[in-house]
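Work through these exercises with the model open. Try each task before you read its solution.

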Amino acid sequence: MDAGYNGLSIAMQCRLLGISRSSYYHQTKENQEDCDVADLKLILEVLRELPFYGYRKVSHKLKDAHPHLTRKRVRRIMRRFGLRALYAKPRLTVPRKGHKKYPYLLSGKVIRYPNQVWASDITYIRLPDGHVYLAVILDLYSRRVLSWRLSNTLDAEFCVEALEEAIELYGIPAIFNTDQGCQYTSEAFIGVLEKHNIEISMSAKGRALDNVYVERLWRTLKYEDIYLKSYETMTELRAGIKRYFEFYNTERFHQSHSYLTPDVMYESFSRREEQSLAA
């Protein structure tokens, strides 16, 4: 049998020799084992650098240099060798009693461009000396992190600072969505939104999925950076979050955006708008 011979195809050579093509292509168990181990090493090289990637992103990372590593093959090998994802647990929001009720405006809404809808949420991060709190402002179209603030108290001030910085850097959104936490229903926070004539949208009580994009960001941040780094001080944590959000905006693949980054999604739309206005 000669796979490089152009005169006869493999199928014809097999027919002349009286053997089936499946026998020619069959790999022994030992050979398959060697192939799986070799591919596992390639997968582990990616995971050593980016240990939070799942099989889809690993396959996307390797596909140019190793096209045989399809999603299906990467998933099979990761399952075989016990490489599994971890999942965050939900955390409930504590509302402030008596605040003005705002409707949820995003039900059925299609988000078509940057600055159409921003969202915000707060999460806690455990340090050796206690908990600190992180607030973020997220553009829902591009998933770009626009601004963020750390605080060791749960007052509204650090949320207001993050909102004011995002407005100063990126302009004014049409809609701003939050949960009903007391920081977001405070007079200081609502006052900034009303000052800029921003429509206020709030998730209903018990509906965590209304703010699912920010909840997903918390899971991503914690399992791709914070739980891996085990920061000891607030200074280390602040520097680590800054590095991670720069990576998140500029380098991290987003499956829902056909593996484009948030910066590309945000800025490419802005460039198209400028070109259409110039035309």
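**Exercise 1: a leucine in a loop**

Leu-69 lies in the loop between α4 (55–62) and α5 (71–80); helices are DSSP runs of H or I with at least four residues, strands are runs of E with at least two, and both are numbered from the N terminus. The model is predicted, so local features need pLDDT of at least 70 and side-chain atom pairs pLDDT 80 or more, while totals for chains, interfaces and linings use all residues. Residues are numbered from 1 along each chain as its sequence is written, and side-chain values use heavy atoms, with hydrogens and water left out.

Task: Decide whether Leu-69 is buried or exposed, and list what Leu-69 touches.

Solution. 
1. Take the cut-offs: buried is under 20% relative accessible area, exposed is over 50%, and partly exposed is in between (1.4 Å probe, protein chains only).
2. Leu-69 has a relative accessible area of 1%, so it is buried.
3. Leave out residues up to four places away in sequence; Leu-69 then touches Asp-39, Leu-42, Ser-59, Leu-62 and Val-74. Contact means heavy atoms within 4.5 Å.
4. Take Leu-42: it is 27 residues from Leu-69 in sequence, and the C-alpha atoms are 9.5 Å apart.

**Exercise 2: two helix pairs**

Task: Describe how α6 packs on α7, then how α8 crosses α9.

Solution. 
1. Two packed helices are described by the angle between their axes and the distance between the axes. Axes are lines fitted to C-alpha atoms, for helices over the stretch in contact, and angles run from 0 to 180 degrees between N-to-C directions.
2. Helix α6 (residues 157–170) and helix α7 (residues 187–195) pack at about 15°, with axes 9 Å apart. That makes α6 roughly parallel to α7. The classes are roughly parallel under 35 degrees, roughly antiparallel over 145, roughly perpendicular from 65 to 115, and oblique for the rest.
3. The α6 side of the contact is Cys-159, Val-160, Leu-163, Glu-164 and Ile-167; the α7 side is Ala-188, Phe-189, Val-192 and Leu-193.
4. The axes of helix α8 (residues 212–229) and α9 come within 11 Å and cross at roughly 115°. That makes α8 roughly perpendicular to α9.
5. In α8, Leu-217, Thr-220, Leu-221, Glu-224, Asp-225 and Ile-226 meet Leu-237, Gly-240, Tyr-244, Phe-245 and Tyr-248 of α9.

**Exercise 3: aromatic rings**

Task: Classify the ring pairs Tyr-184 with Phe-189 and Tyr-244 with Tyr-248.

Solution. 
1. Rings of Phe, Tyr and Trp (its six-membered ring) pair if their centres lie within 6.5 Å; planes under 30 degrees apart are stacked, over 60 edge-to-face, and the rest tilted.
2. The whole structure holds ten aromatic pairs. In one of them, Tyr-184 and Phe-189 have ring centres 5.0 Å apart and planes at 80°, so the pair is edge-to-face.
3. Tyr-184 is buried at 1% relative accessibility, and Phe-189 is buried at 0%.
4. Tyr-244 and Tyr-248 form a tilted pair, 6.2 Å centre to centre with 40° between the planes. They sit four residues apart in helix α9 (residues 234–250), so about one helical turn separates them.
5. Ring pairs link Trp-148, Tyr-244, Phe-245, Phe-247 and Tyr-248 into a cluster.

**Exercise 4: positive phi**

Solution. 
1. Most residues other than glycine have a negative phi.
2. Arg-143 has a positive phi of about 65°. Arg-143 is buried, at 14%.
3. Ser-230 has a positive phi of about 50°. Ser-230 is partly exposed, at 48%.
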